[in-house]
Structures are given as structure tokens and as C-alpha cells.
Amino acid sequence: MSSERSSLSHAGSTRRPALAGAAAVFGWVGVAAGVIAAAITLTLTASVLLGITLRSMSIDNSWTYDLDNFALIWLAFVGAAYTGYRGSHVTSGISLEHLFGRGAIVLALLRFVLVAGFLAVFVYSGWTQFHSSWMFNEKTLDIAQWPVWVAKLALPVGGAAWLAAEIHKLLALLAGSAPASTEPAD
Amino acid sequence: MHFILMLVALFALLILGVPIAIALLISGVLGYMLTIGIDPGMNALAQISYSDVNSFVIIAIPLYIFMGQIMLKGEAGRDLFDFAQRMTRRLPGGLVIAAILASAIFAAISGSSTATAATIGSISIPEMIKRGYDKRMAAGAVAVAGSLGILIPPSISLILYSLVTGASVGKLFLAGILPGLMLALLFAVYTVARTAGGSFAPAASPTAPAARGAETGDEIPPLTLGMLGSLAMIVVVLGSIYAGLATPTEAAAIGVAYALVLTFGVKRTLGARLLGLATLDSVKTSAMILMLIAGASVFGNTLSLLRVPQDVASWLDSLQLAQWQFLIAINVLYLVLGMFMDASAAILVTVPILLPALQALNIDLIWFGVILVINMEIGAVTPPVGMNLFVVQSLSDDYTITDVLRGSLPYALMGLVGLALVIIFPQIALWLPSLTH
Amino acid sequence: ADLTVRLAWYMPPNTAVADQGQEIADKIKSMSHGSIDVQTFPSGSLLKESNIGQGVANNTANMVISGMHWWSNQAPALQWDTIPFLVDDASSLLKKLHGPLGQDVNHELNRFGTQVIGWSFYGYALSYINNKHPVKVPSDLKGLKLRSEGKLSAQFLKSQGATPVAMDSSEVYTAMQRGTLDGGVSGLSSIVSRKWYEVGKYVTAIHYAPLVYPVQVNRQWWMSLKPEQRDLIKKAVASTEGDAVAAIEKEFKHDIALMKKNGNQVYRPTNAQLKTWQEATQAQARKNYLKDAGAKGKKILHDIDASSK
Ligand code: NA
Ligand code: NA
């Protein structure tokens with residue numbers, strides 16, 4: 001088992017510039033997701049530290065507690081798009097590519113259809129969660145009374161960004177340019 | 001029937017190379033839709049993913065991963081392991097033992113296995129590989145020793161167990177200490193045995209000159225301020241909990257702050273560029289684990305909807321076994337469940353059903369809690385759902401899951417030995433709590 | 001069986017809700033002579049406290065027993081049972097729930113696709129535990145850092161000069177042990193089941209209004225049943241309500257005895273002191289409640305007050 005780095009792409013030569021251009025555009029979404037999630041990681045750290053400080057000064061810290069949880073949700077679902085862009089979601093690592101040989105592109109397409117199809121469903125599902133939270137004016141239960149749709153919006157947004165990252169990887173593969181996932185990760 | 005379809009879908013997706021989180025989500029929601037309907041399934045997919053990730057204690061996972069990345073990019077990990085090398089230089093396999101020791105110490109800070117494995121792993125594995133240790137052994141030791149996070153208190157799993165059984169959290173925490181230390185010792189003993197007998201297991205011994213050097217006495221790093229600063233991390237994080245400044249989850253943020261001060265401010269080994277990289281890499285690992293939590297919860301939720309664990313547990317209950325037979329059967333059950341389920345899910349689903357049988361057979365609930373958690377520790381390194389395998393694998397591009405799995409196997413077997421010892425000698429778990437009365 | 005019902009709750013074993021859940025399942029099975037089967041999902045094994053409302057709304061479980069205040073993040077009028085001293089005891093509340101009050105609650109829940117078919121109770125809400133000093137009257141709360149439960153309790157703590165703290169329930173034990181917190185606010189039932197009494201010394205046990213846990217069903221599923229099935233299930237649930245009232249009274253006494261035996265200093269305010277609690281809490285809680293709940297809240301309070309006089 002390993003992470004989902006593709007062995008199909010051939011770095012360097014870009015055979016189809018139009019596709020490569022489109023791939024780059026979708027790739028920006030993946031990068032943006034990473035930058036947002038990184039900012040959220042810093043926010044999360046600061047918010048938890050602030051919560052500790054407020055409590056030790058005997059000041060109500062319920063708003064930082066809500067912020068912590070909201071940041072976690074955004075980190076999870078938007079971060080997942082960046083992880084997808086980097087090709088770092090773990091897979092079983094069974095390499096059927098070797099069996100398929102030159103037909104491996106079919107396997108990559110099938111995998112794309114499954115993953116992208118699922119992500120589309122997830123975006124819809126997340127959207128309904130967000131929407132009903134918005135309609136019912138759902139709030140957190142403590143004094144802070146934050147609107148919960150702010151957190152639930154991360155579901156469709158993260159799912160859509162992840163979908164964009166998957167499209168980026170497929171286009172890059174078809175274009176013959178290296179997808180981001182084959183770049184050294186660490 | 002739906003259960004079989006779910007399993008078929010899961011394995012087909014895994015073989016195709018679909019990310020495990022997505023494979024779990026798809027097969028989980030498929031079973032759900034077959035049982036209840038498509039529309040409720042559409043609703044439940046995002047809803048369960050959201051509500052299971054939306055838990056404050058999970059915040060410790062990204063924060064400890066972030067802390068580990070800062071320590072790693074700021075080269076504080078090297079300090080820690082230089083020091084560990086000094087400490088364990090007379091022992092064969094010293095750094096592996098140091099990683100095990102560090103996991104046991106870190107387990108006293110963290111309540112989760114994945115956070116422990118991610119933190120110690122991101123610091124220790126690159127160091128061990130750099131020093132020529134066998135990469136599988138390095139990964140395996142960290143994956144298995146990381147699971148001490150839920151046995152040595154504080155422990156999320158023991159808190160959940162207490163909630164379901166009514167057993168005292170304080171006593172459960174006390175009961176976890178000695179078995180946790182004993183397991184760490186067993187892992188260390190195994191490491192010494194493998195690495196000392198070079199002829200017995202050449203692949204497992206350190207081969208590079210640097211690693212050998214530690215044993216022959218040359219190249220011993222001098223004691224530096226950086227080392228002490230890195231070591232003090234443990235004191236700072238633990239201290240913040242024991243002094244009542246922070247909860248076990250919040251202490252992770254204190255760890256991040258301290259790591260930043262140490263590497264960015266004092267040692268000046270971490271610049272803005274490296275900090276950016278550390279943050280992005282911690283996003284990558286954190287989100288991977290958080291999506292696995294979402295996937296495991298949707299999958300586990302459908303399993304309980306289909307009453308799979310319940311049926312198995314009540315079938316066991318119906319066999320009317322003697323205490324020792326029951327315990328063996330239970331351990332087999334949990335080892336199998338541990339392959340597929342996250343520890344929290346397994347506890348919440350099965351323990352309430354087993355509780356009457358436990359009480360009827362006069363099985364001590366504190367003791368059983370410890371037995372259960374050791375099973376869950378082993379479950380964290382068994383495929384296909386083995387959180388610690390995933391975590392350690394994600395720490396280095398060189399690793400395949402098979403590498404981590406093969407490295408973990410001997411340590412997991414030592415875990416089984418520890419499990420057997422706790423079953424045969426309940427005092428290992430029950431002695432400390434007995435002192436409180 | 002002609003019909004299989006999925007019944008879920010999140011309360012742990014040996015609580016009034018869990019016992020009643022099991023009793024409901026047994027009664028339905030026996031009264032229907034096995035033609036209706038009930039699968040129980042206890043202790044959050046199918047739906048947890050965080051998602052049980054959505055779980056019954058989307059029919060993951062056909063029937064659930066969960067806190068009415070769960071819905072108050074979307075329907076603020078449903079947090080009325082967290083207002084202290086609204087009624088004298090559970091049995092008088094149960095009578096009101098079988099009148100206009102219950103209809104109002106049901107009406108609110110219908111908006112979310114669920115329906116009330118009977119009543120359960122968590123137990124008596126909002127007792128106090130801390131490590132600093134005995135809390136006999138509200139002014140004793142001054143200066144304490146207490147983990148709060150819900151908006152109304154946090155507002156009350158603030159008004160008495162205490163600091164409400166938001167914290168995950170699983171961290172409260174360690175936090176009380178290490179002094180991160182002075183204590184917490186919760187029902188005795190949870191103070192005992194979460195073992196906070198092991199790490200907290202002073203307990204103030206107050207016989208407030210009980211928290212209401214309606215037995216709720218998915219409305220669409222419920223309408224799809226045959227009328228005689230609906231009748232039977234309703235009767236079975238109703239037959240357990242009396243036991244539930246008795247169970248929470250018994251649990252309240254049992255919890256106090258258990259904590260005393262453990263060495264906790266359990267304080268029960270005298271009648272005169274209860275007056276000061278009532279004066280400090282009730283008017284303020286009503287005002288804060290009505291601010292969020294508007295006309296619906298006014299109607300609910302009217303139902304409660306009217307039938308009690
Ligand atoms: Na721990
Ligand atoms: Na496993």
C-alpha cells in the first residue's frame with residue numbers, strides 16, 4: 001500500500017499545451033486550498049492559545065472554543081483538497097498499473113470517474129447540510145451563538161476544491177506534463 | 001447481504017487504488033442507501049462526516065502533527081535523538097529504543113495513538129534512516145509504540161470506555177500505566193535482541209557506520225543547549241497539563257508555541273520559508289488523517305446500522321462460555337474488529353452489548369478496559385483500517401504500507417505477548433488502582 | 001415480524017433514558033406479540049448526541065429518545081426546560097406535557113420532519129460541583145471557573161460573577177483533577193456517569209425542573225405505518241412514562257447517596273436558600289429565553305404557568 005502518487009506521468013515534455021494550461025488552472029485551486037488550510041492551521045493554534053489565556057484570566061472563552069471547532073472543520077475538508085492535489089491520500093497501494101501495461105491510462109480514468117463522481121455527490125450532500133443550517137438559522141449552543149453554516153460551508157467548498165484537484169491531476173496526466181503529485185512532496 | 005455488498009465494494013475500490021478514505025465513504029454510504037434509501041443517504045454522507053470530525057479532542061491531531069513538523073524542519077528532532085543516542089549508546093538499536101521511549105513519554109501527553117505516532121515518527125524516522133537503521137524496523141517501532149498513546153494516560157479510548165461501562169476514569173488511567181510501560185519494555189527488549197544478534201537478523205541491524213559508531217564510542221554528540229531545549233518540550237507540554245494551565249488537547253497548542261519559540265526564536269534553525277513548508281506539510285498529513293476519520297465513521301456507522309458488531313457480540317454472548325474461554329473469544333473478536341474499525345467506534349458499539357456478559361462472568365471492568373485497549377493498539381497497525389500504518393507511511397515518500405506493515409508485525413506480536421501477560425497476570429493492570437483504596 | 005423499528009438513544013447504560021428505551025422496546029415486542037420487532041441502538045452506537053436529531057429527521061433511526069434542547073440551536077423556543085424552577089417535579093411536568101405544552105413542542109419538532117409520540121426525562125438539570133468551597137446560595141458561585149452547559153446556564157454564571165468555560169465533556173475530568181477548572185455545571189446524572197465526582201469535592205444538588213427527552217419518530221415513516229401499529233406503539237411508550245418519572249426521582253436520591261459514600265460533600269439547599277436560587281435564576285432565565293424564543297416562547301411559558309395555577 002502507498003499513497004496515490006501516479007507512476008503514469010512523464011515529467012518534462014508537455015505534449016498538449018492547451019490541456020496543460022487547463023491543468024494549471026485547476027492546479028491553482030489545489031494550491032489555494034493548501035494556502036487557506038495553512039492559514040487555518042495557524043489560526044487554530046492561535047485560537048486555542050487564546051482560549052487558554054482567556055480562561056486563566058477568568059474571561060468567558062466560548063467564542064474561541066467555537067472558533068477552534070470551526071477551524072478544525074475547515075482544515076479537514078479544505079485541507080483534504082490540498083492533500084488530494086499533492087496526491088497524498090493513502091491508498092491500498094496495490095499497483096494494477098503493471099498488469100495493464102500501456103492500457104494503464106484506462107485504469108487512471110476509471111479511478112478518476114469513481115473519485116470525481118463520489119466528490120460530486122459529496123459536494124451535493126455537503127451543500128444540503130450547509131443549506132439547511134442556513135435556512136434554520138442554526139447557531140452554536142453557547143453564549144457565542146455563532147452561525148453554524150459558516151462551518152458547514154467547508155463541506156461543499158472543500159469537496160469542490162478536491163474535485164478541482166482531481167481534475168488537475170487527470171488533465172496534467174493527459175497533457176503529458178507531470179501532475180503535482182509526482183513532485184517531491186517533502 | 002448488504003454487508004457483503006459493502007465489503008465487495010470496499011475491496012474493489014481498494015484494489016483499484018482509490019484513496020482509502022473515499023473507499024470507506026463510498027462503501028459506507030452504499031450500504032446505508034441500500035438499507036434506508038438514497039435520499040437519507042445523501043443527507044447522511046456529509047452529515048456523519050461533519051459530526052464525527054467536529055469534535056474538540058480531535059484538534060490535538062493537527063496540532064501535534066504541526067508541532068512535529070516544526071521540530072522536524074527546525075532540526076530539533078535531531079537534537080532530541082542526539083541526546084537519545086547519548087542515553088542509549090551502550091544498547092544495540094539505541095535509536096529505535098529511544099523512539100520507543102519517546103513514544104511512551106509522549107503518550108503521557110497525548111490521548112491518541114495517531115497523534116503520538118505522527119509526532120514521534122516525524123521526528124525520529126528521518127533520523128533513524130539517516131543513521132542507517134533498517135527503515136522497516138524504524139517504521140514498525142514507531143507505528144506500534146505510538147499506539148501506547150491510548151494505553152498510557154490520558155487516553156481518549158479509556159474515557160469512552162468509562163462512559164459506557166461506568167468504570168472509574170481515574171482507576172482506568174492508573175491501570176493503563178504499568179501495562180503501557182511493560183509493553184514499551186517488551187518492544188525495547190525485542191529491538192535489542194534483533195539488533196544485537198547481527199547474524200540472527202542482519203537486515204534489522206543498523207548497517208551504516210554512523211549507527212555502528214554509536215556502539216563503538218566514536219562520534220558521540222556533545223550535550224548542547226539545543227538538546228536540552230528540545231527535551232524541555234516534554235516538560236513544557238506535560239507541565240502545562242499537570243499545572244492545570246491547559247487540557248490534554250489544548251496542551252498541543254502550547255507544544256506548537258514552544259516549538260516555534262525554540263526553533264524560530266532561540267535556535268534560529270527555522271526561517272519563514274521552512275515555517276511555511278512545515279505548515280503546508282502538516283496540512284497534508286492532518287487532512288489525510290481527518291478524512292480517514294470521516295471515512296471510518298461513515299463506514300462504522302453503516303456497520304452498526306446493519307448490526308454487524310452487535311450480532312457478532314451477542315452471538316458470543318449466547319455461547320455461554322467460561323471466563324477464560326470468553327476472554328479468548330473476545331480477544332479474537334476485537335483483533336478482527338480492530339482490523340476494520342477505529343478504537344472509539346469499536347468500544348461504543350460492542351461494549352454496551354458485552355457488558356451484561358462481563359458482569360455475569362465476574363470479569364473486572366478495569367482489567368477488561370486495559371485488555372480492550374491493548375487490542376485496539378494492535379488494531380491500529382492491522383490492515384485494512386490501521387490508522388498508525390497510514391500515519392507512519394505518510395511521514396516519508398520512501399515508505400509503502402507494506403514496509404510499515406512488515407516492520408510493525410514483530411512489534412505487534414510483542415503486543416500480543418503483553419496482552420497475554422495482562423490476561424494471565426491481572427495484577428499488572430490492577431495493582432496500581434488497588435492502592436487507591 | 002411485520003415491522004422492524006430502529007430505536008436509538010445516546011445516554012449511557014444505567015440512566016433513566018437508557019432503561020426506558022429498553023422498556024419501550026420490550027413493551028412494543030410483547031404487546032404486539034412479536035409482530036413488531038424493535039432493534040435498539042443504545043449509548044450512541046448508531047446516533048451520537050451531536051447528530052441524533054438529524055438522524056431521526058432522515059430516518060437513520062425511526063425512533064429516538066434525545067434531549068429536546070438538542071433542537072434549540074435551530075428552534076430556541078425548545079430550550080424552555082433549561083429554565084430552572086418552572087415546575088415542582090417530573091410528575092406535574094408530565095401532566096402538562098400531555099396538554100397544550102406537549103402540542104407546542106410537537107408542533108415545533110414537526111418543522112424538522114419529526115413527531116413526538118411520548119415522553120422521557122434525563123433527570124433533574126443543573127447541579128453544581130467544584131473543588132473550592134460549598135455552594136449554598138448563588139452568590140457562592142462568585143469567582144469560580146465552571147464548565148457551563150448551554151447558553152442560559154452560562155449567562156447565569158456570568159451574572160453571579162463566575163466564569164463560564166466552554167470545554168469538551170471528555171476533558172472535564174482531567175481539567176478538574178489538575179485545577180484547570182474549579183468545577184462544572186450538569187445534571188447529577190452526568191456528574192455521576194462522567195465520574196466528575198471522583199475529582200470534585202463539593203456538590204450542590206438542586207431539584208430543578210427535569211430536562212425533557214421526547215420520544216420522537218420520523219414523521220414520514222410514522223405516517224406510513226398502519227393506524228393500529230401507531231396505536232400500539234403509542235400505548236407501549238405511554239405505559240413506560242410513569243416508570244420514567246419514578247426512575248429519575250430514584251436516580252436523584254441514589255446519586256446523592258453514592259457521592260456521599262464516596263466522600264463528597266453533597267449540599268441540598270434549604271427551602272429558604274432555594275428561594276434565593278429561584279429569585280436569582282428564574283426571572284433572568286425567563287427574560288433571556290424570551291429574547292431568543294419570541295412569541296413561541298411566550299406561548300410555551302403561558303402553557304406551563306396556566307396549567308399549574
Ligand atoms: Na496517552
Ligand atoms: Na486495524
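Colleague: How many residues does the contact take from chain B and from chain A?

Modeller: This is a predicted model. In it, the contact takes 54 residues from chain B and 57 residues from chain A.

Colleague: What area do chain B and chain A bury between them?

Modeller: They bury about 5,100 Å², with 75% of it on carbon and sulfur atoms. In chain B, the residues that lose the most area to chain A are Leu16(B), Tyr50(B) and Lys284(B), together 14% of what that side buries.

Colleague: How many salt bridges and polar contacts are there across that interface?

Modeller: The rule finds two salt bridges and eight residue pairs in polar contact. One salt bridge joins the side chains of Arg86(A) and Asp281(B), at 2.9 Å from N to O.

Colleague: Which helix of chain B gives the most to the side that touches chain A?

Modeller: That is α14(B), with 11 residues. The residues of that side of chain B divide into 38 nonpolar, 12 polar and four charged.

Colleague: Now to chain C. In what order do the six strands of the open sheet come?

Modeller: The order is β7-β6-β8-β5-β9-β11 (chain C), with mixed pairing. β7(C) and β11(C) are the edge strands, each pairing on one side only. Neighbouring strands are turned by 25° against each other on average, direction ignored.

Colleague: How do β6 and β8 of chain C run, parallel or antiparallel?

Modeller: They run parallel and are joined by two bridges. Arg147(C) has Gly184(C) in β8(C) as its bridge partner.

Colleague: Which strands does helix α5 of chain C lie across?

Modeller: Helix α5(C), residues 151-159, lies across β5, β6, β7 and β8 of chain C, running at about 150° to β7(C).

Terms used:
Residues are numbered from 1 along each chain as its sequence is written. Chains are lettered from A and ligands numbered from 1 in the order in which they are written. This is a predicted model: local features need pLDDT of at least 70, side-chain atom pairs count only at pLDDT 80 or more; totals for chains, interfaces and linings use all residues. Side-chain values use heavy atoms; hydrogens and water are left out. Contact means heavy atoms within 4.5 Å. Buried area is the accessible area (1.4 Å probe) that two parts lose on being put together, summed over both. A salt bridge is a side-chain nitrogen of Lys or Arg within 4 Å of a carboxyl oxygen of Asp or Glu. A polar contact is a pair of N or O atoms within 3.5 Å; within protein, one must be able to donate a hydrogen and the other to accept it, and residues adjacent in sequence count only if both atoms are side-chain atoms. Helices (H or I, at least four residues) and strands (E, at least two) are DSSP runs, numbered from the N terminus. Ala, Val, Leu, Ile, Met, Phe, Trp, Tyr, Cys and Pro count as nonpolar, Asp, Glu, Lys and Arg as charged, and the others, Gly among them, as polar. Two strands pair if DSSP finds at least two bridges between them. Axes are lines fitted to C-alpha atoms, for helices over the stretch in contact, and angles run from 0 to 180 degrees between N-to-C directions.
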